[in-house]
Amino acid sequence: MSNEATGAQNARPAGADAGPLGYLALGLTLLAYGLLSTGVISGAGVKDAASLAHLLGGLALFIAGLWQLRGGDGFTGTAFTSLGAFWAVWSAGGSMSKDAAGLFLLLWALLALTLTAASWHAGLFSRVVYGLLTLSLLLNAIATLAGNGGLTKAAGWIAAVSGLTAWYWATTSLVNSGWGRAALPVR
């Protein structure tokens with residue numbers, strides 16, 4: 001999904017584009033990670049999202065990214081493969097020190113900032129997803145380094161909103177391409 005998910009004038013078969021798969025994987029992973037970071041589900045935490053992050057966020061995003069790169073879409077291909085690698089490493093790195101985890105999150109916030117800047121051509125949904133992801137990773141890095149649980153919860157809520165945005169974007173692309181018109185609003 002290299003451009004804004006629009007209606008019939010830009011509709012193309014969903015099978016020709018791995019963007020919806022990538023944004024669904026990103027959205028659901030960010031939503032789970034974000035909500036589990038907030039503590040709204042009693043007795044569950046970020047570590048509980050590790051298998052989801054590894055399989056859905058890591059594997060599905062990475063495959064969608066390779067598909068996009070093969071199709072000539074350098075932006076979403078780069079975004080999905082790099083974020084797929086992030087989720088795979090994050091889920092596997094369970095016993096990192098807080099300083100290593102904070103640095104890891106800070107470095108990935110820089111990648112997300114690059115994606116935010118590069119997404120400016122792709123429309124509002126893209127900017128919201130990557131902008132909120134950048135903010136969430138930055139706040140989470142600071143919270144991890146400082147040991148601030150309140151900041152971790154704020155980062156979780158921001159990640160959840162980013163995830164909902166990515167999920168909605170993918171949903172509009174699939175629904176609107178199926179209907180051949182703007183059945184779901186995209187503006």
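The legends below walk through an overview and several close-up views of a predicted model.

Residue numbers start from 1 along each chain as its sequence is written, and side-chain values rest on heavy atoms, with hydrogens and water left out. Because the model is predicted, local features need pLDDT of at least 70 and side-chain atom pairs count only at pLDDT 80 or more, while totals for chains, interfaces and linings use all residues.

Figure 1. In sequence order the pattern reads α-α-α-α-α-α; helices (H or I, at least four residues) and strands (E, at least two) are DSSP runs, numbered from the N terminus. Of the 187 residues, 47% are buried, where buried means under 20% relative accessible area, exposed over 50%, and partly exposed in between (1.4 Å probe, protein chains only). Among contacts with a separation of 6 or more, 68% join residues 24 or more positions apart; a contact here means heavy atoms within 4.5 Å. The chain exposes about 8,500 Å², with carbon and sulfur atoms supplying 69% of that area. Accessible areas come from the Shrake-Rupley method with a 1.4 Å probe, and for residues only the protein chains shown count as cover.

**Figure 2. Helix α3 meets helix α4.** Look here for residues 74-92 (α3) and residues 98-118 (α4), whose axes come within 11 Å and cross at roughly 165°. Axes are lines fitted to C-alpha atoms, for helices over the stretch in contact, and angles run from 0 to 180 degrees between N-to-C directions. The two helices are therefore roughly antiparallel, given that angles under 35 degrees count as roughly parallel, over 145 as roughly antiparallel, 65 to 115 as roughly perpendicular and the rest as oblique. The crossing of α3 past α4 is left-handed, a term used if the near helix is turned anticlockwise from the far one by less than a right angle (right-handed if clockwise). From α3, the residues in contact are F75, A79, S82, L83, F86, V89 and W90, and they meet A101, F104, L105, W108, L111, L115 and A118 of α4. Sorted by class, this contact has 13 nonpolar residues, 1 polar and no charged. Ala, Val, Leu, Ile, Met, Phe, Trp, Tyr, Cys and Pro count as nonpolar, Asp, Glu, Lys and Arg as charged, and the others, Gly among them, as polar.

**Figure 3. Helix α3 packs with helix α5.** The axes of α3 and α5 lie 14 Å apart, at an angle of about 30°. That angle makes the pair roughly parallel. Here too α3 makes a left-handed crossing, this time past α5. On the α3 side you will find F75, A79, F80, L83 and F86, and on the α5 side S126, Y130, L133 and L137. The classes come to 8 nonpolar, 1 polar and no charged residues.

Figure 4. S126 belongs to α5, which spans residues 124-146. Its relative accessible area is 0%, so S126 is buried. Leaving aside residues up to four places away in sequence, S126 touches F75, S119 and W169. G131 also sits in α5, and with a relative accessible area of 25% G131 is partly exposed. The C-alpha atom of G131 is 7.4 Å from that of A112, 19 residues apart along the chain.

**Figure 5. Helix α1 crosses helix α3.** Helix α1 covers residues 19-38, and its axis comes within 11 Å of the α3 axis, crossing at roughly 35°. Once again the crossing is left-handed, with α1 passing α3. G19, G22, Y23, L26, T29, L30 and Y33 of α1 face F75, T76, F80, L83, W87 and W90 of α3 across this contact. By class there are 9 nonpolar, 4 polar and no charged residues.

Figure 6. A159 lies in helix α6, residues 149-179, and is buried at 1% relative accessibility. Its contacts, not counting residues up to four places away in sequence, are L30, L31, Y33, G34 and S136. L36, in helix α1, is buried with a relative accessible area of 13%. Between L36 and K153, 117 residues apart along the chain, the C-alpha separation is 9.0 Å.
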